[in-house]
Amino acid sequence: MPETIINIRDLRIEMAPVKSLTPYDKNARTHSNKQIEQIAKSIQKFGWTNPILVDGQGGVIAGHGRLEAARKLGIKEVPVVRISDLSDGQKRAYILADNKLAENAGWDSDLLRVELAALDHLDLDFQLEDLGFETGELDLILVLSV
């Protein structure tokens, strides 16, 4: 079997002014106001944990929702990783792949129930709904743990 060559990038996180970043105008992934609010709450609760991927000109490749949440929170600078060597076609393809591949993940129902139940019994400074789950969803998941 031939050796597979994978481009391992030398990634560097830098801070960039929010106003210097341009969302991709053909981004097929949508973010509702409710989801932007959820992302904003996550940033407030856990801090900024995932940089926005941008091209050499500050065009957003991945992290459109985080950028909108930053704007909502009035954040002036955000962490970014510049990916400057992709062709236009590669950028467009990666924008779709980044969103679809994340969407294709599933949940281990038993482990999810255990983790949520454990968190529900801890003295936390946030609600389980702040994790992005709807109240009804949580009720259905947690009722199975009784």
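Here is a walk through this predicted model, from the overall fold to a few charged side chains. Local features are reported at pLDDT of at least 70 and side-chain atom pairs at pLDDT 80 or more, while totals for chains, interfaces and linings use all residues. Residues are numbered from 1 along each chain as its sequence is written, and side-chain values use heavy atoms, with hydrogens and water left out.

Start with the overall layout. The protein chain has five helices and four strands, taken as DSSP runs numbered from the N terminus (H or I of at least four residues for helices, E of at least two for strands). Going along the sequence, they come in the order β-α-β-β-α-β-α-α-α. The C-alpha trace spans about 50 × 50 × 25 Å along its principal axes. Of the 146 residues, 30% count as buried, which here is under 20% relative accessible area, with exposed being over 50% and partly exposed in between (1.4 Å probe, protein chains only).

Now look at V78, in strand β4 (residues 77-82). Its relative accessibility is 0%, so V78 counts as buried. Leaving aside residues up to four places away in sequence, V78 touches E14, M15, A16, V18, L21, W48, I52 and A70; a contact means heavy atoms within 4.5 Å.

From V78, hop to R66: the two are 12 residues apart in sequence and 9.2 Å apart in space, C-alpha to C-alpha. R66 sits in helix α2 (residues 64-73). What about its charge? R66 is buried yet has no salt bridge, and the nearest side chain of opposite charge, D98, is 6.3 Å away. A salt bridge needs a side-chain nitrogen of Lys or Arg within 4 Å of a carboxyl oxygen of Asp or Glu. A polar atom of the R66 side chain does lie 3.0 Å from the backbone oxygen of P51. P51 is also among the residues R66 touches, as are W48 and I52.

Elsewhere, charges do pair up, with 11 salt bridges in the whole structure. One of them joins the side chains of E134 and K34 (2.6 Å, N to O). This pair links distant parts of the chain, with E134 in the loop between α4 (109-120) and α5 (135-143) and K34 in helix α1 (residues 33-46), 100 residues apart. E37 and K72 also meet in a salt bridge (3.3 Å, N to O). E37 lies in helix α1 and K72 in helix α2, so this pair ties together parts 35 residues apart in sequence.

Back in helix α2, R71 and E68 are three residues apart, or about one helical turn. Their closest N and O atoms are 2.9 Å apart, forming another salt bridge.

Key
Lys and Arg count as positive and Asp and Glu as negative; His and the chain ends are not counted. A polar contact is a pair of N or O atoms within 3.5 Å; within protein, one must be able to donate a hydrogen and the other to accept it, and residues adjacent in sequence count only if both atoms are side-chain atoms.
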